[in-house]
Amino acid sequence: MLSLRVPTPTSFRRLHAGRSRLSRDCLFSYSPSFVNRGVRLRVRSTKSEVVFTPTEEEEEVTLPEELQPELMPKHVAIIMDGNGRWAKNQGLQPWDGHRAGVEALKEIVELSGRWGIQVLTVFAFSTDNWIRPRIEIDFLFSLFERSLKSEFQNLAQNNVRISIIGDSSKLPKSLLRLINEGEEGTKNNKRLQLIVAVGYSGKYDVLQACRGIAQRVKDGEIDVDEIDEGLIEQELETNCTEFPYPDLLIRTSGELRVSNFLLWQLAYTELFFAQELWPDFGRSGYIEALMSFQQRQRRFGGRKS
Amino acid sequence: MDLNQSMRLLSSWIAQIGGLGLDLLWRFIHLVVSLWYIVSGIIEAVESYAISLGLNKKYSSINIEKLRCLAVVVDIEEARDVSKVIELLQWLRTIGVKQVGLFDSQGLLKKSKDMILGTVPGSVLSEEIGEKNSSPDQNPLALEFISSSDNKEAVMKAANILLQDYLKSSRPENDKGENFFTETHLNEALRVVGENVHAPDLLLVYGPIRSHLGFPAWRLRYTEIVHMGSLNYMRYGSLLKAIHKFTGVHQNYGT
């Protein structure tokens, strides 16, 4: 088969769409760096994805050709915003928006696993959301239960580990039981860790860490003088993963804020604000966010990394 | 020359011509896209100058009261040029901003605070704003200087204060401190350690960065975050546009 070695650009159609979709004053207007990246093209191939041959222990990682494997983030966090507005725009009820949001999440979980992302943290329900109408909250929790039940097998088969963080004290007992089963049943899975934040807020996390430390001091495990940043970090709920600090935070629906999510952990996280509402985000939006992440100059304070 | 050899020669020519054609196409597309970025950059600059000169009436009236507190994050490389920061503060004062927090991770701006306060007319330290005759100016610009030590370090110190108080207080064995470690208590402890807890409504990020670079997380709950590009190329029009855009934002706080 004839095989040509040619420099290939990233998808220009999407690149321009991305430029116009993202607000110019938004944190990340697009500024691509055009790099002549050679990709081997097979003339008869219709696939737009590059397949990397896995090592013995790795599973197959299939990356879109716009993305570079060595620059992929290890931990991606997402604020899934805009389900309600999406439903309103479509002339539907809020719960239809939440259903569509679950479908969008399934796709992103699948893509994250396939593209070699290690941890995906999603903000499903904030402590601030408790002020919503009771009927909507009840629907959200029943949807969460149904989704966990129906997807449990799928997650296990795809080697996805599920972890839930947040204040569980107000959650329905049936949901708590299901969460425990899900966490227990997937705890040895290695491909992707899906962390779902329910009843979570950044401030709650710091406060529960303080409570945890207080208990350890009380129990004589540690001394008051030993309390430092590291100890607080150990007690944060995101410590359930090997990579507690997100490399990339995506917020959909064009809002430019972090809304009390992972406050402590986001100090050096790259922020990407997408215009699309969460149910519309999908594969192309995810590629755009990851491309933007890869094209940015990554710096930690004064130290260039 | 046999048929096989001529076919091989022909296919290598086709491959070379194809490669050359693709290379030319790539260069042409590269040129078009580069021109697109140059043109869009020029349009943005022209728009910015039009706003600065007051030609764009849309930006002439800003509901500045909505912006109670503004924070500016400056990349460490750019924080060294204090003159640019001073110019930015003068613009903010012209616009009518009353409270500004200045942040860089290493506290370079904090070290230059005397120079900044001495150069920016009508500027005072925010902690002095309540004091009598702190500023002869009727509309002072209250400045707060923030660095990384006001972030996790401050939360850690505040947590320590809470822990000491919790351990000193006589509490039943089964008390896990739910009513003790609350947001209100932690805010109070942060005040004790000198962390003023002014939550900015708008955070402007200057420099080649795409994060808030360790700005105190505790304050960022509902802050709008806007990346402004390099401080060296800052424009009054862009600043006005960002603030105007913020004043039109509706926050629903989780509802």
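**Sheet and nonpolar cores of the predicted model**

In this predicted model, chain B contains an open sheet of 6 strands, which pair in parallel and follow the order β3-β4-β2-β1-β5-β6. Strands β3 (123-125) and β6 (224-229) of chain B form the edges, each pairing on one side only. From one strand to the next, the twist averages 25°.

Within the sheet, strand β1 (residues 70-74) of chain B runs parallel to strand β2 (residues 99-103) of chain B, and 4 bridges join the two. In this pairing, B:Leu70 is placed opposite B:Val100 of β2(B). Helix α3 (residues 82-95) of chain B lies across β1, β2, β4 (141-146) and β5 (202-206) of chain B, at about 160° to β2(B). Helix α8 (residues 236-247) of chain B also packs on the sheet, where β1, β5 and β6 of chain B are touched. The direction of α8 makes about 150° with that of β5(B).

The largest nonpolar core comprises 69 residues. The residues touching the most other members are B:Leu70, B:Leu89, B:Leu92, B:Val100, B:Ile116 and B:Ile243. Helix α3(B) supplies the largest share of this core, with 8 residues. When residues up to four places away in sequence are not counted, B:Leu92 touches B:Leu70, B:Val72, B:Val97, B:Val100, B:Leu239 and B:Ile243. Another core, of 46 residues, lies apart from the largest one; among its members are A:Phe125, A:Phe141, A:Leu148 and A:Leu178.

Definitions and conventions. Residues are numbered from 1 along each chain as its sequence is written. Chains are lettered from A and ligands numbered from 1 in the order in which they are written. This is a predicted model: local features need pLDDT of at least 70, side-chain atom pairs count only at pLDDT 80 or more; totals for chains, interfaces and linings use all residues. Side-chain values use heavy atoms; hydrogens and water are left out. Two strands pair if DSSP finds at least two bridges between them. Axes are lines fitted to C-alpha atoms, for helices over the stretch in contact, and angles run from 0 to 180 degrees between N-to-C directions. Contact means heavy atoms within 4.5 Å. A nonpolar core is a set of buried Ala, Val, Leu, Ile, Met, Phe, Trp, Tyr and Cys residues joined through side-chain atoms within 4.5 Å. Buried means under 20% relative accessible area, exposed over 50%, partly exposed in between (1.4 Å probe, protein chains only).
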